[in-house]
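Please keep the 3D view open while reading.

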Amino acid sequence: MPMFISNRRTLQIMGMLIGGKWSAQDQRPADANGDFVRPVSPFRNTIEAVGERFPPTAGRYHLFVNAGCPWAYRTILYRALKGLTDIIGISYTLPAAGAEGWTFGNEPEPLLGARHLHEIYTRADQTFTGRVTVPVLWDFEENTIVNNESADIIRMLGSAFDDLPGVSNVDYYPQARAPEIDALNETIYANVNNGVYRCGFAQSQSAYDTAYDALFATLDDLDQRLSSRRYLCGDLITEADWRLFATLVRFDTAYYGQFRCNRNRLVDFENLWPYTRDLFQQPGVADTVDLEAIKGIYYGSRPPGILPKGPEINFLEPHSRG
């Protein structure tokens with residue numbers, strides 16, 4: 001399957017599409033209390049069974065991602081975990097956003113000839129208005145975006161292609177555990193995955209304080225939960241673990257400093273830190289984590305674009321959670 005990786009550099013931050021035209025308009029909305037509000041993803045189609053509009057077919061779909069972004073990272077991770085690297089192609093934007101948002105660099109990405117991700121969006125909808133986000137799951141047959149919501153995409157990658165040769169049959173969303181996983185996902189999304197952004201993008205002290213307190217209260221609860229079980233739902237790794245991992249693996253590098261999530265570091269947690277190392281050391285996971293891209297997206301997009309040299313984090317230290 002095709003893969004395109006841009007040369008990395010630091011650039012300036014982004015705007016949005018309005019009626020299919022790029023605008024430098026701010027795209028970080030806040031409510032009346034100054035709390036960051038994440039807009040809803042607009043493309044929400046589903047890869048389903050053969051005979052439906054988007055069937056699970058090898059070579060038909062492609063991911064456009066940013067390796068530093070935690071939402072896009074979910075799809076990068078699932079593509080690797082499920083053995084989909086020969087079935088779904090992938091293209092990476094530069095880590096830092098530029099004057100026209102996510103960019104592929106000086107040269108167009110070779111599959112659709114786009115210099116910027118917003119050109120992928122207008123290829124699907126010439127009059128699109130909204131934020132231009134990653135990940136994007138593209139369909140070559142209909143030349144359109146199937147979905148740009150990471151939660152939907154990983155659920156599809158988790159099971160839709162299981163009947164194809166070479167795909168792992170590991171189920172990270174077993175129906176018997178679905179209610180527990182859904183409840184964990186809801187809390188983790190609100191207070192951790194999106195909670196770090198509510199801290200970082202807060203527009204008032206009270207909004208920041210509320211998000212900060214919810215973030216660390218939830219991390220404390222999860223740390224306690226992991227004191228008596230290896231993973232969030234027991235001895236089985238589930239979708240809830242991977243969704244949490246996408247934030248934890250970035251925590252000390254990005255959120256602790258850049259987003260003011262600084263009560264304590266991930267490495268200070270008695271159970272969350274070895275748990276994160278346990279997940280990092282699962283087969284194929286380490287290769288999906290790009291710490292330089294993580295620094296690039298969180299520091300390179302903000303003037304003056306200086307990337308921190310640290311912190312030094314040893315994700316390969318024995319976790320002793322077997």
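1. Proline 135 sits in the loop between α2 and β6. Helices (H or I, at least four residues) and strands (E, at least two) are DSSP runs, numbered from the N terminus. The peptide bond that joins valine 134 and proline 135 is cis, with omega about 5 degrees.

2. **Basis of the model.** This is a predicted model, in which local features need pLDDT of at least 70 and side-chain atom pairs count only at pLDDT 80 or more, while totals for chains, interfaces and linings use all residues. Residues are numbered from 1 along each chain as its sequence is written, and side-chain values use heavy atoms, with hydrogens and water left out.

3. Is threonine 127 buried or exposed? Its relative accessibility is 57%, so threonine 127 counts as exposed. The cut-offs are as follows: buried means under 20% relative accessible area, exposed over 50%, and partly exposed in between (1.4 Å probe, protein chains only). Leaving aside residues up to four places away in sequence, threonine 127 touches Gly19 and Gly20. Contact here means heavy atoms within 4.5 Å. Alanine 96 is 31 residues from threonine 127 in sequence, and their C-alpha atoms are 26 Å apart.

4. Glycine 310 and proline 311 are joined by a cis peptide bond with omega near 0 degrees. Proline 311 belongs to the segment after α9 (291–299).

5. **Positive phi.** Two residues deserve a look here. Asparagine 143 is not a glycine, yet its phi is positive, near 50 degrees. Asparagine 143 lies in the loop between β6 and β7 and, at 40% relative accessibility, counts as partly exposed. Serine 320 is not a glycine either, and its phi is positive at about 55 degrees. Serine 320 is in the segment after α9. With a relative accessible area of 72%, serine 320 is exposed.

6. **Overall build.** The protein has nine helices and seven strands. Its radius of gyration is 19 Å, close to the 20 Å that the globule rule gives for 322 residues, so the protein is as compact as a globular protein of that length. That radius is taken over C-alpha atoms, and the rule is 2.2 Å times the number of residues to the power 0.38. The C-alpha atoms fill a box of roughly 50 × 45 × 35 Å along the principal axes. Of the 322 residues, 56% count as buried. Take the contacts between residues at least 6 apart in sequence: 71% of them join residues at least 24 apart.

7. **Helix α8.** How many residues of α8 (residues 272–280) are buried? Nine of its nine residues are buried, so to speak a mostly covered helix. Among them are Trp273, Tyr275, Arg277 and Asp278. The buried residues of α8 pack against α6 (205–225) and α7 (239–258).

8. **The nonpolar core.** A nonpolar core is a set of buried Ala, Val, Leu, Ile, Met, Phe, Trp, Tyr and Cys residues joined through side-chain atoms within 4.5 Å. The largest one has 98 residues, and Leu117, Trp242, Phe245 and Leu272 touch the most other members. Its largest share, ten residues, comes from α7. Tryptophan 242 touches residues including Leu77, Leu81, Tyr172, Leu279 and Val285, not counting residues up to four places away in sequence.

9. **Helix α3.** Why is α3 (residues 150–159) largely enclosed by the rest of the structure? Because seven of its ten residues are buried. These are Ser150, Ala151, Ile153, Ile154, Met156, Leu157 and Gly158. Their cover includes β4 (61–65), α1 (70–81), β6 (136–139), β7 (144–147) and α7.

10. **Leucine 291.** Leucine 291 lies in helix α9. At 28% relative accessibility, leucine 291 counts as partly exposed. Leucine 291 touches Val249, Thr253 and Phe315, not counting residues up to four places away in sequence. Alanine 254 is 37 residues from leucine 291 in sequence, but 9.6 Å away in space, C-alpha to C-alpha.
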